[in-house]
Amino acid sequence: MKRDNKTTVSEFLLLGLPIPTEHQDLFFTLFLVMYMATVLGNLLIILLIRMDSRLHTPMYFFLSHLALTDVSFSSVTVPKMLKDMQSIHKSIPYAGCMSQMYFFMWFGSVDNILLAVMAYDRYVAICQPLHYTTIMRHEKCVSLVTASWIYCSLRSLLHTLLLIRVMVPCNKSSVSEFLLMGLPIPPEHQGLFFTLFLVMYLATVLGNLLIILLIRMDSRLHTPMYFFLSHLAITDVSFSSVTVPKMLKDMQSIHKSISYAGCMSQMYFFIWFGSVDNLLLALMAYDRYVAICQPLHYATIMRQEKCVSLVSASWVYGSLRSLLHTLLLVRVSFCDDITIPHFFCELPVLLKMSCSDVSLNEWVLFFEVGIDAFLPFIAIVGSYIRIWATVLKDPSAKRFFKVLSTCGSHLLVVSLFYGSIAEVYVFSSPSMSSAKEIAASVMYMIVTPMLNPFIYSLRNRDIKQAFKLFVNRMKSCSSNNIT
């Protein structure tokens, strides 16, 4: 197994701006005023666009996001630069340097794309005014902005991970790849379990993609509940695809290895999609609570702009959370034991393998699980308690069994998802066998995403009607092609 011995530093010294000492105060005041003008001016733009309904148009929608990225872009570097202008020791730690570069590239890339999108918006408005409302519809604008944020996050992550491999902090020995032990399955049963997991993975992918297609095609499903459901389907497919294809490949190969960069990337996307999945479950429970407990205010509370903001915030928060754990993990060293007793790079397992101090990682992990898992779980349970309290006030048999069927199915998936996560991330101990941890991981990574299409959709009357409409369209297209 290859090992790379690298000697690097734990912090960097910044030379700062080439300004004579006697002019430091003048330039400090100048840049401080410019930064405050940037922040306050752009925040004022966001506030005005938010408050005035006449500004709820594509152009100002893009402008509000441009103002947000301008504030963020400046805040990545300018406060640090101002601080260094007033201090003697101008240094930045390794993790701070990596984080600064990540956010600098992320916000800079989004800013760049938004300028192009705004130019396209003006082109359509001036050159194709009759088709403007059709071309620049709200859904398309939201998709363009969301895609910009996600693409730029992945782009900056790529460069950050590549740079991390060049600059490994401190004097330590790092590995170039890990060995995966895989699933604890006897050799004579490998073929059977390979077929089983392959069928489950294909069911997960095809079932969730079908849900996305039906929601996209049927305008009757363009509601907040199905908007959240479509994003849940996307995250379920992505969540499973991060690990299952690699697991299936390793079940058919002898050398079960994964590169260091591949391991870090796998862990990043695993935490990202898992976090988004978790938050979407809470949003869907909140949506059902508002629909059942406050039906008269549903359209006002769950308006489209709010739903888009909640989902976008979930994606961005999940990306930042996974970045935090990735940056903390790359500072950890792995010495002699490079065999991962699992079928993928799971964070608690990697921390147990480390030969360096991981107390900070473990503390952040425990704290993050509390925020990212248990707060949404409490919100879900609280929502369903309120739902049952509302239903029991007006005990109609038909309504009671309908809510029982829906909430019972939802709570079953929630219990499986959160129960297995807690088994790995909260109640895990050194004495706990790896087989139990792997079984819990399989439950929330493979089984739950496969069940979601059946629990949330295929038993739903609206989805069934959309599916029948889809089948009829396919039959009609087939008959037209034959004739």
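User: Let's start with the packing. How many residues are in the largest nonpolar core?

Analyst: The largest nonpolar core has 112 residues. Remember that the model is predicted.

User: Which residues have the most contacts inside it?

Analyst: Phe178, Leu183, Phe197, Met247, Leu329, Ile340 and Leu350.

User: And which helix gives the most to this core?

Analyst: Helix α8, residues 260-293, with 20 residues.

User: Back to Leu183. What is Leu183 in contact with, leaving aside neighbours within four places in sequence?

Analyst: Two phenylalanines, Phe197 and Phe343. Then Met247 and Met251. Ile438 and Val442 complete the list.

User: New topic. How many disulfides does the structure hold?

Analyst: One. The disulfide joins Cys263 to Cys345, with S to S at 2.1 Å.

User: Which hand does the link have?

Analyst: Left-handed, with -130° about the S-S bond.

User: Where do the two cysteines lie?

Analyst: Cys263 lies in helix α8. Cys345 lies in the loop between β7 (339-340) and α11 (347-353). So the pair ties together parts that are 82 residues apart in sequence.

User: Is Cys263 buried or exposed? And Cys345, buried or exposed?

Analyst: Cys263 is buried, at 0% relative accessible area. Cys345 is buried too, with a relative accessible area of 0%.

Technical notes
Residues are numbered from 1 along each chain as its sequence is written. This is a predicted model: local features need pLDDT of at least 70, side-chain atom pairs count only at pLDDT 80 or more; totals for chains, interfaces and linings use all residues. Side-chain values use heavy atoms; hydrogens and water are left out. A nonpolar core is a set of buried Ala, Val, Leu, Ile, Met, Phe, Trp, Tyr and Cys residues joined through side-chain atoms within 4.5 Å. Buried means under 20% relative accessible area, exposed over 50%, partly exposed in between (1.4 Å probe, protein chains only). Helices (H or I, at least four residues) and strands (E, at least two) are DSSP runs, numbered from the N terminus. Contact means heavy atoms within 4.5 Å. A disulfide is a pair of cysteine sulfur atoms within 2.5 Å.
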